[in-house]
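Open the model in your viewer and keep the selection tool at hand. The stops below say what to select and what is there.

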Amino acid sequence: MKFTDTLQETYSALLSNKVRSGLTVLGIVIGIGSVIAMISIGQGAQNSIESNIQALGSNLIIVMPGAQRGVGIQVSSGRGSATTLTNEDATAIEQGVGGVQAVAPDLSSRYQITAKGTNTNTSVDGVTPSYSQVRNITVETGDFISDQNVKSVSRVAVIGPTVRDDLFGEGIDNDSVIGQTIKINKILFTIIGVTKAKGGSGPSSQDDMIFVPLSSAQKLLVGSERLSTISIQAIDQGSMADVQTQVTDLLLQRHNISDPTKADFSIMNQSDIVSSASSITDTLKILLGSIAGISLIVGGIGIMNMMLTTVTERTREIGLRKAIGAKNKDISTQFLTEAIVLTFVGGFLGVLFGWLASLLITKFSSIATQVSSSSILLAFGVSALIGIVFGYYPARRAAGLNPIEALRYE
Amino acid sequence: MIECKNISKTYSDGEVTPVLKNISFKIDDGEFVAIMGPSGSGKSTLMHILGALDTPTSGKYFLDGIDVSTMSDDQLADVRKNKIGFVFQSFNLLSRATVLRNVALPLVYAGIEPLEREERAKKALVQAGLDESRFYHLSNQLSGGQMQRVAIARALVNNPSLILADEPTGNLDTKTGDIVLHTFQTLNQEQKKTIILITHELYVAEHANRIIHIRDGVIIEDKKNDNKRFVHHTHIY
Ligand SMILES: Nc1ncnc2c1ncn2[C@@H]1O[C@H](COP(=O)(O)OP(=O)(O)O)[C@@H](O)[C@H]1O
Ligand SMILES: [Mg+2]
């Protein structure tokens, strides 16, 4: 029997019971569609978390005051009571630790900001020039904080694009913002630069920030010499572990602490953050995927149920086909093809449906989704596989029917 | 040519039931034979063996000189495809398919191209005496007599050496039954087809040229039919 004839037979068999075929396909559509949608949610979550982490900078080690804390605590809000990190610590690290590319101490705090009648509340970060390199910040217009600014305790500020929009209204161009003054905690600062948008949202977004010279933050705003974090950039990925141990030893020694468990600071490196975050998103993906997988299995059982019913209903037809010369293989191929065509149609519609669902999720909620081509391929593969697995038994049963019994069947 | 040598068939699911006992006969090409006997005498069982749907428990069955009695399932399927046409009491048409598609179905399994299939199906339908206006009807829109002629066309389409009809008039009234019997007679006389007609009615059997009478799985009589009935054309239309 030719393949085109098999398809022709399949086509007329499936169309002869449109409602039943349709409902069976629906089961697969829902299964495949939810797999696509669920995986797209998981993938989207993973992407946005990873890009947030990458936006922090590369080969980054962060030292914070206070006892060891877990991952997930905002690294930019160092408003803790501990005041154990100082400018001298930062200098000592820069001079005494090998394998360090740059060191960027900073002090951040939230303040009320006003400019010509508008005001906003945002995080103000006192930094040194190296901060832009270490934390991967690019200035779009104007300049970043310079050494001269830090030395002379200048009242200058570099603002993020979100702050610019909040204070001066959306759509304003950067050039007209440069040179304007804003009041941070009632002290006048002149804007010298605007950073490039990095994307990402939430309180840790680096677009919603104001940078001022570290000395200005310490002397004019906070009134204390403390630091909220010291960000260290290692020269490469391989030297991070070594840098981390050296920094720990150095700080323990400088703070006169002999028992490392009693350290008054904590150290995190970027790969810790990435790996713990991706283990969370992996779990999320597996969870979502398996929920969807269950509905796919239910759809597959639907296929099997329909095929078994079909085989029973068409017993006489099977007997007749055998009587006129169909081999067992012709019969099993025909029923298997019916099952695979059902699941394939279901898989195709399911991909469309899942894609649509993930677009709608992105549009109407804040959850980012991403439909990957691998999940589409996976869905097609899985749907064909389901057709084969759940169609195999009914097809075998049809092929194994004794033609004489089948012809006699009422 | 058909040759049965000491064919026995015993069903042994649970209890042992001997259905055919030591059956031997020969049928030459172009014969029109009726196998007649009461219900339960083993006629259908014999037909299944003659039609290569089943194999005998013992004995030999030669079809055109080939031993069919020991073949595998797939080999039997090939024999049915190439040499045999079946006509059943209950027609066994695909109800949602057109007449032409029903008739062409055996050619699908024989791997014939669609255009040739249609041509041959039409030719077979003409031979079976179905009016051309019905060719594209769905088979469940036909009358019983028309359905049986579609089934006869399906049996003819592969150009088989043997046509087996098991109670072909069983579901038809006398008049349409006569039409079907007339079709067989015409096919035998004009196309020289070998036809085996299975029936429990003497009236039906008497349309054949030879009657093999079986009872309880044994042949009790095998002779030429001396008072052959003819269905006349005028009678039918
Ligand atoms: N598969 C089977 N298993 C057991 N007995 C069977 C089977 N098929 C037929 N028989 C028995 O064989 C006998 C002959 O049946 P059958 O050939 O159908 O008779 P007929 O067609 O002459 O009416 C019957 O007694 C029937 O019960
Ligand atoms: Mg019978």
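## Salt bridges

Over all chains, the structure holds 21 salt bridges, a salt bridge being a side-chain nitrogen of Lys or Arg within 4 Å of a carboxyl oxygen of Asp or Glu. This is a predicted model, in which local features need pLDDT of at least 70, side-chain atom pairs count only at pLDDT 80 or more, and totals for chains, interfaces and linings use all residues. Residues are numbered from 1 along each chain as its sequence is written, chains are lettered from A and ligands numbered from 1 in the order in which they are written, and side-chain values use heavy atoms, with hydrogens and water left out.

Select A:E9 and B:R101. They form a salt bridge, with 3.2 Å between the closest N and O atoms. This pair crosses between chains: A:E9 is in helix α1 (residues 3–15) of chain A, and B:R101 is in helix α3 (residues 99–109) of chain B. Helices (H or I, at least four residues) and strands (E, at least two) are DSSP runs, numbered from the N terminus. A:E9 counts as buried at 4% relative accessibility, while B:R101 counts as partly exposed at 26%. Buried means under 20% relative accessible area, exposed over 50%, and partly exposed in between (1.4 Å probe, protein chains only).

Next, select A:R20 and A:E313, whose side chains meet in a salt bridge at 3.0 Å, N to O. The pair links distant parts of the chain, 293 residues apart, with A:R20 in helix α2 of chain A and A:E313 in helix α10 (residues 270–313) of chain A. A:E313 is exposed, with a relative accessible area of 52%.

For a pair within one helix, go to B:K81 and B:D78. Their salt bridge has its closest N and O atoms 3.2 Å apart. The two are separated by about one helical turn because they are three residues apart in helix α2 (residues 73–83) of chain B. An α-helix has 3.6 residues a turn, so residues three or four places apart point the same way. B:K81 counts as buried at 13% relative accessibility, and B:D78 as partly exposed at 27%.

## Ligand 1

Where does ligand 1 lie? Select it: ligand 1 lies between chains A and B. It is surrounded by 13 residues, the closest being B:G40, B:G42, B:K43, B:S44 and B:T45; a residue is near a molecule if one of its heavy atoms lies within 4 Å of it.

- B:S44: a polar side-chain atom lies 2.7 Å from an oxygen atom of ligand 1.
- B:G42: a backbone N or O atom lies 3.1 Å from an oxygen atom of ligand 1.
- B:D13: an N or O atom in the side chain is 3.4 Å from a nitrogen atom of ligand 1.

Taken alone, ligand 1 exposes 560 Å², and the protein buries 69% of that. Accessible areas come from the Shrake-Rupley method with a 1.4 Å probe; for residues, only the protein chains shown count as cover. The elements giving two or more residues to the shell are α14 (403–408) of chain A and α1 (43–50) of chain B. The largest share, three residues, comes from α1(B).

## Chain A: domains and single residues

Colour chain A by domain: domain 1 is 3–52 + 276–408, and domain 2 is 85–254. The bounds come from an automatic or database domain assignment. The C-alpha centres of the two domains lie 54 Å apart.

Select A:T122 in strand β3 (residues 118–127) of chain A. Is A:T122 buried or exposed? It is buried, with a relative accessible area of 0%. Its side chain reaches the backbone oxygen of A:D208 at 2.9 Å.

Finish at A:N256, in the loop between α9 (240–254) and β10 (265–269) of chain A. Phi of A:N256 is near 55°, a positive value in a residue other than glycine. A:N256 counts as exposed at 72% relative accessibility.

Methods: A polar contact is a pair of N or O atoms within 3.5 Å; within protein, one must be able to donate a hydrogen and the other to accept it, and residues adjacent in sequence count only if both atoms are side-chain atoms.
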